[in-house]
Amino acid sequence: DIGFGWFIAPEINNNDDNDNLFYLTHTFYAEFEIRSNWFKELLTPILKNLEPKAIIRAKGNLYPGTQTVIKHRKHTDFSFKHKGAIFYLNTNNGVTTLDNGTEIESIENRLLLFNSSLPHSSSTCSDKKYRINININYL
């Protein structure tokens, strides 16, 4: 179990219009500074593999489980060209859907590298209490 604080994000992304959807987030890095005491322990091993020139944002996402899998609307993380990495912390039946329609299953310890400046979407899961991942945007 990860013992840090989570904060409610009242909407999944700017494109979703479902008022009942929310998720929890924990910011590790934003606005050019480390924002969490967990940054070094959790992100250093991932960042060693990525070798980023610069980190734009790094955050944890916790999507509460739902009765059926709910796919969120597509969004881009930032409007400028950048890279994205999603590190999945638990195995569940939720997916990340890429711009071309490819669905990436949430498998514990899987690292997805993709162009997060292209439209993509997340989802809830229905077979676990929550779906949890770390999302890193970088150059």
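Me: Why does Phe-4 count as buried?
Reply: Its relative accessibility is 10%. Buried means under 20% relative accessible area, exposed means over 50%, and partly exposed lies in between (1.4 Å probe, protein chains only). Phe-4 is under the limit, so Phe-4 counts as buried. The model is predicted: local features need pLDDT of at least 70, side-chain atom pairs count only at pLDDT 80 or more, and totals for chains, interfaces and linings use all residues. Residues are numbered from 1 along each chain as its sequence is written, and side-chain values use heavy atoms, with hydrogens and water left out.

Me: What makes Trp-38 partly exposed?
Reply: Trp-38 has 26% relative accessibility.

Me: Why is the pair of Phe-4 and Trp-38 called edge-to-face?
Reply: Rings of Phe, Tyr and Trp (its six-membered ring) pair if their centres lie within 6.5 Å; planes under 30 degrees apart are stacked, over 60 edge-to-face, the rest tilted. By this rule there are six aromatic pairs. For Phe-4 and Trp-38 the centres are 5.6 Å apart and the planes stand at 65°, so the pair is edge-to-face. Phe-4 sits in the segment before strand S1 (7-9), and Trp-38 in the loop between strand S3 (33-34) and H1, 34 residues apart. Helices (H or I, at least four residues) and strands (E, at least two) are DSSP runs, numbered from the N terminus.

Me: What makes the pair of Tyr-23 and Tyr-63 stacked?
Reply: The centres are 5.3 Å apart, with 20° between the planes. Tyr-23 is in strand S2 and Tyr-63 in strand S4, so the pair ties together parts 40 residues apart in sequence.

Me: How do you know that Tyr-23 is buried?
Reply: Its relative accessible area is 8%, so Tyr-23 is buried. Tyr-63, at 7% relative accessibility, counts as buried too.

Me: Which residues of the largest nonpolar core touch the most other members?
Reply: They are Phe-28, Phe-39, Leu-43, Leu-47, Leu-50, Ile-134 and Ile-136, out of 15 residues. A nonpolar core is a set of buried Ala, Val, Leu, Ile, Met, Phe, Trp, Tyr and Cys residues joined through side-chain atoms within 4.5 Å. H1 gives the most to this core, with five residues.

Me: What is Leu-43 in contact with, leaving aside neighbours within four places in sequence?
Reply: Leu-43 is in contact (heavy atoms within 4.5 Å) with Phe-28, Trp-38, Ala-58, Ile-134 and Ile-136.
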